[in-house]
Every structure is written in C-alpha cells, then in structure tokens.
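Please look over the chain shown here.

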Amino acid sequence: MSFKVASSPHQRLQRSTAQIMRLVILACVPGIVVQAFMFGYGIIIQLALAIATAWCSEAIIMFLRKKPILPRLADNSAMLTAVLLAIAIPSYAPWWLIIIGTAFAIIIVKQLYGGLGNNLFNPAMAAYVLLLISFPVQMTQWLPPASLQVFALSPMDAVCTIFNQFSCSGFSLQQLQSSADGITMATPLDSLRTDLSQGMTLTESLEKPIFYSFAGAGWLWVNLAYLIGGLALIQLKVISWRIPAAILVSLSVFSAIGSLAAPDTLAGPLFHLFSGGTMLAAFFIATDPVSASTTNTGRLWYGALIGLIVYLIRTYGGYPDAYAFAVLIANMAVPLIDYYTRPRTYGHKQPRPKND
C-alpha cells in the first residue's frame with residue numbers, strides 16, 4: 001500500500017460556471033423529451049420564449065449597469081433559470097405568462113441583488129411562486145397525459161394554443177383539458193386533494209385512470225427521466241448527493257408515517273416521490289449552488305427541511321405541489337443552517353472543561 005501526499009488545492013475537477021450550467025441543462029434533456037411526449041409540444045415553445053426573455057433581460061440589465069454583456073450571457077446561468085421555469089409551468093400556458101415570470105426571475109430576483117452569486121432565493125422558484133399567486137388559473141391548466149387526451153395536438157396546434165388559447169381546430173384550452181367523458185382533468189395531486197375533500201377514500205381515488213396505479217399517468221415517466229438526469233449529475237460530480245438524498249429520504253419517511261397513521265386519507269412514499277415535480281426539484285432546483293446550503297452537514301438539514309415542508313403543504317396546505325414554497329422557505333433558513341453546521345477550523349482547540 002502506498003500513501004500519497006498532495007498539496008492543496010485538492011479539487012480535481014476544474015469546471016467553469018458555464019460548463020456546470022451547461023451540464024445541468026443537458027441533464028434536463030431526458031425529462032424535457034418525456035414531458036413533451038406526455039404533455040405536448042408546448043414545452044418547446046415555452047423554452048424558446050423563456051430563453052429569449054432571459055437573454056434580453058440579462059442584456060438590458062448589464063447594459064444599464066455598464067458591464068460587459070456577452071461574458072455574462074455566456075455563463076449560461078440565465079439560460080438555466082429560463083429552462084427550469086419553462087419546464088415547471090403548464091406546457092400550454094399563455095405566452096405572456098412565461099415572459100413575465102422569466103423577466104421577474106432575472107431582473108428582480110437575480111440582478112437586483114447583484115447578479116450571479118448574490119441572489120438570496122432561487123430565481124426560478126421565486127418567479128414560479130409569483131406566477132402561481134398572481135395567475136392561479138393559468139398555472140394549473142395542465143393537459144391530460146397523451147394516453148388520456150381526447151384531441152391530439154400537432155406542433156402547430158401548440159403554437160395556436162399558447163398564443164391565442166385556441167387550437168388550430170378551434171378547441172379552447174378548457175376543452176383540451178377534458179377527458180372522453182367530458183370531465184376536466186387535473187394533475188394527480190390536484191385530483192387526490194379534491195377527491196379526499198369530497199369524502200372519497202385514498203383507494204377509491206387511486207382507481208381513476210389519471211393515477212396509473214400509484215403515481216399518475218405521465219408523471220411517473222417524467223419523474224423517472226429527471227431522476228436519470230439527476231443521477232448523471234451526481235456521477236459527474238456536478239452536484240452533491242446530499243441535498244437530493246435528504247429530500248427524498250425526508251419525504252419518504254414523513255409520508256410513510258402519515259400513511260401508517262391514516263391509510264385511508266394519506267398517500268404513501270411512492271405516490272409522493274413520483275408525482276408532481278419531486279425529482280426535478282430534488283436534483284435540479286434545490287441543488288442551486290448559490291441559494292442552497294454550502295456545508296456538507298447543512299445540505300442534509302437543508303434537504304430534510306424541504307422534504308418536510310413539501311409533505312406538510314401537500315397534505316394540509318392549499319397548494320397540491322409545494323416545492324417552490326419549500327425551496328424558498330429553506331433558502332431563508334440557509335444562513336442559520338450554515339452558521340450552525342460550519343466545520344471546525346483546523347487547529348481549533350476544544351474549551352478545557354472546568355474542574356468541579
């Protein structure tokens with residue numbers, strides 16, 4: 001056996017900000033492809049609108065601050081914010097929604113605090129909360145997954161629906177949300193919340209086609225795709241495993257406890273892990289290096305806090321999916337978490353115990 005001694009710095013992978021952001025965007029591709037297949041081509045248009053708005057917003061602010069524009073655009077941070085927001089909103093949301101959200105994320109949440117590295121909150125999630133509170137109807141108009149859609153939509157239909165809320169054939173967005181029996185479809189989390197409030201049991205609600213056994217038609221495959229992309233980021237050492245693991249373990253533990261305590265009304269871990277935006281938030285949103293905790297122990301507490309808040313809001317709150325709120329609340333707790341989880345300085349002496 002040989003003992004190797006190396007001088008600092010010990011970091012082996014030297015990646016620029018642009019490279020890291022690019023890798024995260026590429027890891028989103030499997031999830032984006034599956035999401036487009038399951039919920040329509042509208043996500044591609046939302047991505048184009050979001051990226052264009054992010055670049056324009058970043059360029060305007062850099063111009064006003066009299067700073068170089070092209071180097072800031074080249075770091076891909078604005079593009080990543082745009083991508084995360086675009087894939088979080090409904091695929092056929094009106095065009096102005098994504099423009100308002102992206103501009104707010106870049107101008108207010110990111111640049112108002114000094115730009116990249118200075119923002120207190122995750123820009124994409126802050127913009128998502130703004131849109132959800134300001135435009136709740138538009139932010140909940142998800143189409144049924146492909147297997148349950150009555151009207152098949154072409155790429156041109158996606159363009160027509162996003163820009164005038166009617167498909168090229170004249171169907172409104174409300175009609176496109178309807179199933180074969182005329183009932184307006186909702187996301188699995190929305191549907192479960194509504195069913196339970198009407199006195200149905202968990203078992204009765206999960207028998208609906210929208211749930212696809214336990215997680216939700218379409219949403220199961222979307223979450224699996226983002227899980228694959230997230231694991232790739234961990235393998236490439238772009239993100240730490242601690243935050244995603246803490247979120248998933250925390251959410252699993254609390255949902256398991258709830259399911260054991262009230263099996264007729266509270267869903268179990270599999271439903272919570274593979275419904276909504278669980279994998280997207282755990283691997284791509286909560287791991288934001290600027291607004292997340294920076295210590296190894298702190299990342300575990302940070303992720304566990306997000307998992308707990310998500311479960312509490314999903315179960316008892318007014319919003320079916322809660323990752324945006326959970327991430328923002330955890331962002332506010334980061335200074336406190338980092339303060340109490342700072343590693344002890346090398347050579348620091350323990351205080352000598354007093355004699356009795």
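The report below goes from the whole chain to single residues.

## Basis

This is a predicted model, in which local features need pLDDT of at least 70 and side-chain atom pairs count only at pLDDT 80 or more, while totals for chains, interfaces and linings use all residues. Residues are numbered from 1 along each chain as its sequence is written, and side-chain values use heavy atoms, with hydrogens and water left out.

## Overall fold

The protein chain has 16 helices and zero strands. Both are DSSP runs numbered from the N terminus: helices are H or I with at least four residues, strands E with at least two.

Of the 356 residues in the protein chain, 49% are buried. Buried means under 20% relative accessible area, exposed over 50%, and partly exposed in between (1.4 Å probe, protein chains only). Contact means heavy atoms within 4.5 Å. Among contacts between residues at least 6 apart in sequence, 75% join residues at least 24 apart.

## Helices α6 and α16

Two packed helices are described by the angle between their axes and the distance between the axes. Helix α6 (residues 123-134) and helix α16 (residues 323-340) have axes that come within 9 Å and cross at roughly 130°. Axes are lines fitted to C-alpha atoms, for helices over the stretch in contact, and angles run from 0 to 180 degrees between N-to-C directions. α6 and α16 are therefore oblique to each other. Angles under 35 degrees count as roughly parallel, over 145 as roughly antiparallel, 65 to 115 as roughly perpendicular and the rest as oblique.

From α6, the contact uses Met125, Ala126, Tyr128, Val129, Leu132 and Ile133; from α16, it uses Ala324, Phe325, Val327 and Leu328.

## Nonpolar cores

A nonpolar core is a set of buried Ala, Val, Leu, Ile, Met, Phe, Trp, Tyr and Cys residues joined through side-chain atoms within 4.5 Å. The largest one has 90 residues; Leu84, Ile87, Tyr128, Phe284, Tyr302 and Ile306 touch the most other members. Apart from it lies another core of seven residues, including Leu189 and Phe211.

Beyond four places in sequence, Ile87 touches Ile32, Gln35, Ile43, Leu47, Trp142, Tyr226 and Leu280.

## Two single residues

Met62 sits in helix α2 (residues 42-64). Met62 is buried, at a relative accessible area of 3%. Neighbours within four places aside, Met62 contacts Lys67, Pro68, Ile69, Arg72 and Gln111.

Pro155 lies in helix α7 (residues 155-164). Pro155 is partly exposed, at 48% relative accessible area. Pro155 and Ile45 are 110 residues apart in sequence and 9.2 Å apart in space, C-alpha to C-alpha.
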